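Here are a few exercises to work through with the model open beside you. Try each task before reading its solution.

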Amino acid sequence: MNDRDGFKNTEKSKTLSRCTFLDPRFKHIPFNHNATLLSNTKTDIIEKTSEIIRSKNIEEDGTYESATLVDVNTTSNSEQLSIWNDIDSCVAKSTPMGTAKSRAIVEVQRYLEDSIISRSQDPLKWWKDHSYNYPHLNVLAQNTLCHLGTSVPCERVFSSAGLVLNDRRCRLKSEKVNMLLFLHYNSK
């Protein structure tokens with residue numbers, strides 16, 4: 001039996017591939033033996049990042065339009081001549097150029113070119129510290145790296161359910177069982 005037999009299907013898991021790719025301790029290193037897997041994972045990350053960019057653009061466009069309408073209606077003539085209006089219009093015009101996908105490609109490439117951190121460092125702290133460099137990848141990393149690596153919490157709930165539901169308490173209604181399990185699990 002080979003050492004890798006225990007992990008033979010892990011390479012097919014998109015969730016594990018994303019987690020590995022977004023972990024700044026590993027990045028692309030575990031994929032070096034499989035260029036196809038690296039390419040597929042990188043494409044997947046770029047697609048997910050471009051979705052985040054698109055959704056942010058939609059939110060900002062709606063907010064910007066309503067803010068502009070309010071500013072035009074409430075400003076007086078003296079405020080319209082302010083230098084801040086010129087600065088605000090320059091800032092509004094300097095939005096990043098390119099499509100969501102091209103911006104995602106650039107962000108992912110910058111992330112890959114950044115140095116790999118040591119294995120003892122906390123990847124979530126790293127993402128928090130570098131959120132200004134990778135604003136969209138940071139969102140994806142927070143959503144992806146929060147996956148549990150074990151089923152222990154789920155198994156504990158089932159064990160608790162076995163203690164609550166037994167032969168002597170088999171006539172409990174499901175609402176009552178839910179409340180008892182909730183109290184048992186959150187009493188700590």
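**Exercise 1.** Which residues form a nonpolar patch on the surface?

Solution. A word on the model: it is predicted, so local features need pLDDT of at least 70 and side-chain atom pairs count only at pLDDT 80 or more, while totals for chains, interfaces and linings use all residues. Residues are numbered from 1 along each chain as its sequence is written, and side-chain values use heavy atoms, leaving out hydrogens and water.

- Step one: the patch consists of I83, W84, I87 and V91. Patch members have over 30% relative accessible area and no salt bridge; like charges are joined within 9 Å, nonpolar side chains (Val, Leu, Ile, Met, Phe, Trp, Tyr) within 5 Å.
- Step two: together they have about 430 Å² of accessible area (Shrake-Rupley method, 1.4 Å probe, only the protein chains shown counting as cover for residues).
- Step three: zoom in on I87, which sits in helix α4 (residues 83-93). Helices are DSSP runs of H or I, at least four residues, numbered from the N terminus.

**Exercise 2.** Find the salt bridge partner of D44 and say whether the two are buried or exposed.

Solution.

- Step one: D44 pairs with R18, closest N and O atoms 2.5 Å apart. A salt bridge needs a side-chain nitrogen of Lys or Arg within 4 Å of a carboxyl oxygen of Asp or Glu.
- Step two: D44 is in helix α2 (residues 35-74) and R18 in helix α1 (residues 14-22), so the pair ties together parts 26 residues apart in sequence.
- Step three: both D44 and R18 are buried (under 20% relative accessible area; exposed is over 50%, partly exposed in between, with a 1.4 Å probe and protein chains only).

How values were computed:
Helices (H or I, at least four residues) and strands (E, at least two) are DSSP runs, numbered from the N terminus.
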